[in-house]
Amino acid sequence: MVVSKISLTFAPMMRKNLLWILTVILYGSLAMTVVSCSKDDDSGNPDPGADFKAMLKTLDWGNDTCFVYGHKTPDVDAVTSALSYAKLMKTLGYNCKAKVSSPMNRETQFIAKHFGITLPALKTSVVPQTRLILTDHTDYAQCVDGARDAIILQKIDHHVEGDIADAGIPYVRREMVGSTNTIIYECFKESGVTIDDETARIMLAGIVSDTRNLSKSTTCGIDSVAWLALSSQLGISSDSMAVINYLMEEAAYDYSGMTDEEILLSDYKDYEINGHLIGIGSLVYKEAEMDAFIMQMLAAMVEVLMQKDLEMLFAKIDNLVPNTGIDKAVKPYIENGTYFIYFGKDSQKVAEAVFGASLREGVCFTTENLSRKQIVPRITAVL
């Protein structure tokens, strides 16, 4: 009842947003048409995915199951990209199965229940020579335990290259788009493999989560193309997608019943950058209660740093302020800058080199709305 009421109330606003998306797609389609009409394309080949399929046949698949993993502390995109890419590989005839290396967060659990997605089983480590496909990450610190001694066949990712070098992997597809599932959507289309409704729900969940329903600064035109195609296939209106995104955000930012350490690690990644072991959390909190929340997280950092044996520990906290726009019922808060908190040896030097002088010990602030994907290259440049 509530969902229906919200959808109807904001239908005009969402139609305006959809018009913008369609405009982006129109120009994107025209650009893609120019590229695809070059005289060297297709050459009458009835199978547009022939090269990709031929490449897959050259990989050392072995005789056992190849596991597809997203990163540790998996978010929606990590889990769903493992599921969707495993589905593509299985459809193309390869024995692949999605797994997760650590428990899934509340947002993932919510959308899985809402969309009826069967989540991957937990498998925390792999034995040497296990065949792996990695999605949504490119650092060993974020891999399933045992990955260094595994055989990595493929990497599908949307981050800058980490310490799992592209050069050592037979097939790498890394594009700087909003969601890993957008890349996998492209793989399905280019391979000529039909996207069934179950897989469409899986991919759409990942795209909505990682782009915040196409609102993040990292969102690209192809993310919008995939979003529209998948939501249209499933018969989900833009109004309904706005409500689903709102409910996903509510689940993602629900810290009730969690310890401070659990909150800090609820959306967290480890990195090894130029010999430095660091951790970066990603959090969200309301501006009106930010000071108290920051103090809680700084206190939790002491324990987490020792527990994980890190050199430096950081967390970016999206600053939420009340939304006064016409869409405030489906999006009560909007991002207004990013707090960046730090702890550990030399962490202040790194944080201030990236974000400028601290507001106070342990805390920096930028007016930019930054994702972790945008922050990591800046830290890497400093280190």
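The model is predicted. The protein chain holds 13 helices and eleven strands, and 52% of its 383 residues count as buried.

**Whole chain**
- Among contacts in the protein chain with a separation of 6 or more, 66% are between residues 24 or more positions apart.
- The protein chain has an accessible surface of about 17,400 Å², and carbon and sulfur atoms contribute 54% of that area.

**Thr-180**
- Thr-180 belongs to helix H6, which covers residues 180-191.
- The relative accessible area of Thr-180 is 0%, so the residue counts as buried, the cut-off being under 20%.
- The side chain of Thr-180 makes a polar contact of 3.0 Å with the side chain of Asp-136.
- With neighbours within four places in sequence left aside, Thr-180 contacts Asp-77, Ser-81, Thr-135, Asp-136, Ile-156, Asp-157 and His-158.

**Thr-338**
- Thr-338 lies in strand S10, which covers residues 333-344.
- Thr-338 is buried because its relative accessibility is 0%, and the limit for that class is under 20%.
- A polar atom of the Thr-338 side chain is 3.1 Å from the backbone nitrogen of Leu-370.
- Residues up to four places away in sequence aside, Thr-338 is in contact with Lys-316, Ile-317 and Asp-318, and also with Cys-364, Phe-365, Thr-366, Glu-368, Asn-369 and Leu-370.

Notes
Residues numbered from 1 in each chain as written. Predicted model: local features only at pLDDT ≥ 70, side-chain atom pairs only at ≥ 80, totals over all residues. Heavy atoms only, no water. Helix = DSSP H or I, 4+ residues; strand = E, 2+ residues; numbered from the N terminus. Buried < 20%, exposed > 50% of the residue type's maximum accessible area, 1.4 Å probe, protein only. Contact = heavy atoms within 4.5 Å. Areas by Shrake-Rupley, 256 points an atom, 1.4 Å probe, with all protein chains shown as cover. Polar contact = N/O pair within 3.5 Å; in protein donor to acceptor, adjacent residues only side chain to side chain.
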